[in-house]
Amino acid sequence: MRDVLDRIGDKWSALIIGTLAAGPHRFSALQRAIPDISKRMLTQTLRDLERDGLISREVFPTKPPSVEYRLTPLGATILEPFAFLVRWADRNHAAISAARSAFDEAL
């Protein structure tokens with residue numbers, strides 16, 4: 001179970017899955033949607049998500065070849081739990097920020 005939680009709990013995986021929730025994206029579109037991710041990290045995370053069956057990759061026979069990524073049916077099942085987590089984070093962001101400030105000031 002830990003290996004699955006490590007994958008979906010990874011910040012890049014969560015951002016990629018969240019981006020693909022809106023529909024299929026090409027590599028460059030994902031890179032634009034997640035500007036802080038390096039090309040290498042995006043490539044590795046996409047491979048890992050594909051290996052886990054959460055996304056699929058389709059290569060189009062263009063010159064140069066273009067690749068499109070989309071959530072698989074399995075990948076789509078994570079969207080509802082992610083939505084709960086995002087709502088929780090949004091509701092509690094101020095309290096967490098305050099707790100961090102209080103902790104840092106006590107040091």
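The views below show a predicted model.

**View 1. The largest nonpolar core.** This core has 19 residues, and those touching the most other members are Ile-16, Ile-17, Leu-20, Leu-42, Leu-46, Ile-55 and Tyr-69. At least two core residues come from each of helix 2 (11-20), helix 3 (27-33), helix 4 (39-51) and strand 3 (66-71). Helix 2 supplies the largest share, four residues.

**View 2. Surroundings of Leu-46.** With neighbours within four places in sequence left aside, the contacts of Leu-46 are Ile-16, Phe-27, Leu-30, Ile-55 and Tyr-69.

**View 3. Strand 3 and the strands paired with it.** Strand 1 (residues 25-26) runs antiparallel to strand 3 and is joined to it by two bridges. His-25 has Tyr-69 of strand 3 as its bridge partner. Six bridges connect strand 3 with strand 2 (residues 55-60), again in the antiparallel sense. Here Glu-58 is bridged to Glu-68 of strand 3. Five residues lie between strand 2 and strand 3 in the hairpin that they form. Strand 3 is largely enclosed by the rest of the structure, because five of its six residues are buried.

Conventions
Residues numbered from 1 in each chain as written. Predicted model: local features only at pLDDT ≥ 70, side-chain atom pairs only at ≥ 80, totals over all residues. Heavy atoms only, no water. Core = buried A, V, L, I, M, F, W, Y, C linked by side-chain atoms within 4.5 Å. Buried < 20%, exposed > 50% of the residue type's maximum accessible area, 1.4 Å probe, protein only. Contact = heavy atoms within 4.5 Å. Pairing = 2+ DSSP bridges.
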